[in-house]
Amino acid sequence: MKDGVNGVALAVFIFFFLAVTVMGFLASRWRRAENDSLDEWGLGGRSFGTWVTWFLLGGDLYTAYTFVAVPAAIYAAGAAGFFAVPYTILVYPLIFTFLPRLWSVSHKHGYVTTSDFVRGRFGSKGLSLAVAVTGILATMPYIALQLVGIQAVLDVMGVGGGETTHWFVKDLPLLIAFGVLAAYTYSSGLRAPALIAFVKDTLIYIVIAVAIIYIPIKLGGFDEIFARASEAYAQTNPATDKPRGALVPGEAGQWTYATLALGSALALFMYPHSITATLSSRSREVIRRNTTILPLYSLMLGLLALLGFMAIAAGIQVKNGQLAIPQLFETMFPDWFAGVAFAAIGIGALVPAAIMSIAAANLFTRNIYKDFIKPDATPAQETKVSKLVSLLVKVGALAFVLTMDKTVAINFQLLGGIWILQTFPALVGGLFTRWFHRWALLAGWAVGMVYGTAAAYGVASPTQKHFGGSSAAIPGIGEIGYIGLTAFVLNVLVTVVLTFVLKAVKAPEGIDETSPSDYTADAGDPGVKTEMEKVTAPTH
């Protein structure tokens, strides 16, 4: 790491950071409608077409986690960190089957969140509340991961962090990021990240195209990179007294790799921010087209992951693995282009963090505030509450960062994945069948949440006594696997068994407010109205 502040890189970073901040505030006037509803602030008026949705979803799903944590995992442990590549390949055929159905029924009934759908489908506010609380809980560590990404690049540039003992100075980059996010998400809602996503994705593609060509040339080619990485992984890790990693996962790690990839694929579009970006699109066909072109990002992710090997080959030595890729950029690139790369990471954190805070705020407003506190809330009141809660969600994310070990930032997101996966039976199951009983779904969710959290708490690592990872022995099998998937299997088993029991005793079922045709209707179909259209429609 260079001594002092890298002035050139910092200047370039600040230029792009200020540019997108201004864009974030100006976005409040982009396609703005006259009414002040949650559809407008939280879903961008449900008006985004194919390309805006593509950039928004790409900016939403491929985050600072992509740029920092995945290559950092490969830098630290080898090819096991590649699990993110197959899971983003698995996820798109999966979502092709259910996202268009969710869009149609949500558009028809004015649903803003997944909990809205669950409440309408199963007639259960309790189940809806469980899904909402889980979504908020899982989102906060995901936002935290984005803030850690911003802090990492500022640390490498010599700004904040470091070894200072004063907490305020040490965590100042996170506080700055919080302020920026709070300001433009409050002002512009979902339109801000939608507009900024264009800049973010353009910068990322430029940086990756340059990095994948320029860095290997400087390091002697990929043969040399993989040879140096293989030598480094063969060395013993003093903390575990085992080899540091491997270019190919060993037999003992194959179950872990496979279950982590599958479980992560199932969980990705359970996150509130994924659904928020989806419901902002203007038609069912926009969703279908995006499921076919989003895999282009998986190619980018595979190339990004290779940066972990390049960091080893370049001799990057850092105590905090999250600094490996920013340090690689500073070492290998001219200062001005390092600033561009750092800006790509920083903006790559701002876009998803904004969407995540909006999504969590929508959950609170629609499924806690309106369902349980103020059922007669007007659209304007809903929007005001959602804006305020989006600020509080960021505070919660800051708490994750300030109270937990940032050197294992990837585990923040993995812990959220364990939780959010437990909403899969209610959401995806409900899109295709109403056979599951609402009480059984709630019991299955509770079992999955308790087991997943307890099992994750018991995992230790060289840097964390608790929550040191997301893999543990699978009960009855003995193989090490992803805790979230094990919890999900237990969830489904409990749900199925209890559904048989509850149906046998004729336990009361809630009222389904949807009909079969709701799941296939497009925006142009008669009778389909958004929440915004309902608000502005004349009364008779």
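1. In this predicted model, Phe-226 is partly exposed, at a relative accessible area of 31%. The residue sits in helix α11, which covers residues 222-234. Together with Phe-222, Leu-247 and Val-248, Phe-226 makes up a nonpolar patch on the surface, and the four have about 320 Å² of accessible area together.

2. As for the chain as a whole, 24 helices and four strands are present. Of its 540 residues, 59% are buried. Among contacts with a separation of 6 or more, 83% are between residues 24 or more positions apart.

3. Nonpolar side chains tend to be buried together in soluble globular proteins. Here the largest nonpolar core contains 169 residues, and Phe-67, Leu-307 and Phe-329 have the most contacts inside it. Helix α18 (residues 335-373) gives this core its largest share, 22 residues. Setting aside neighbours within four places in sequence, Phe-67 is in contact with residues including Ile-204, Leu-304, Phe-329 and Ala-344.

4. Ala-305 belongs to helix α15, residues 296-305. Its relative accessible area is 0%, so Ala-305 counts as buried, the limit being under 20%. Not counting residues up to four places away in sequence, Ala-305 touches Val-70, Pro-71, Ile-74 and Phe-82. The C-alpha atom of Ala-305 is 8.5 Å from that of Ala-72, although 233 residues separate the two along the chain.

5. Side chains of opposite charge can pair when their charged atoms come close. The whole structure has 15 salt bridges. One of them joins Asp-116 to Arg-119, with 3.4 Å between the closest N and O atoms. Both residues are buried. They lie three residues apart in helix α6 (residues 114-122), about one turn of the helix.

6. Another salt bridge is formed by the side chains of Arg-434 and Asp-512, at 3.9 Å from N to O. This pair links distant parts of the chain, 78 residues apart: Arg-434 is in the loop between α21 (424-432) and α22 (438-457), and Asp-512 is in the loop between α23 (483-504) and α24 (531-536).

7. Glu-509 is partly exposed, at 35% relative accessible area, and Lys-503 is partly exposed at 30%.

Terms used
Residues numbered from 1 in each chain as written. Predicted model: local features only at pLDDT ≥ 70, side-chain atom pairs only at ≥ 80, totals over all residues. Heavy atoms only, no water. Helix = DSSP H or I, 4+ residues; strand = E, 2+ residues; numbered from the N terminus. Buried < 20%, exposed > 50% of the residue type's maximum accessible area, 1.4 Å probe, protein only. Contact = heavy atoms within 4.5 Å. Patch = residues over 30% accessible without salt bridge, like charges linked within 9 Å, V, L, I, M, F, W, Y side chains within 5 Å. Areas by Shrake-Rupley, 256 points an atom, 1.4 Å probe, with all protein chains shown as cover. Core = buried A, V, L, I, M, F, W, Y, C linked by side-chain atoms within 4.5 Å.
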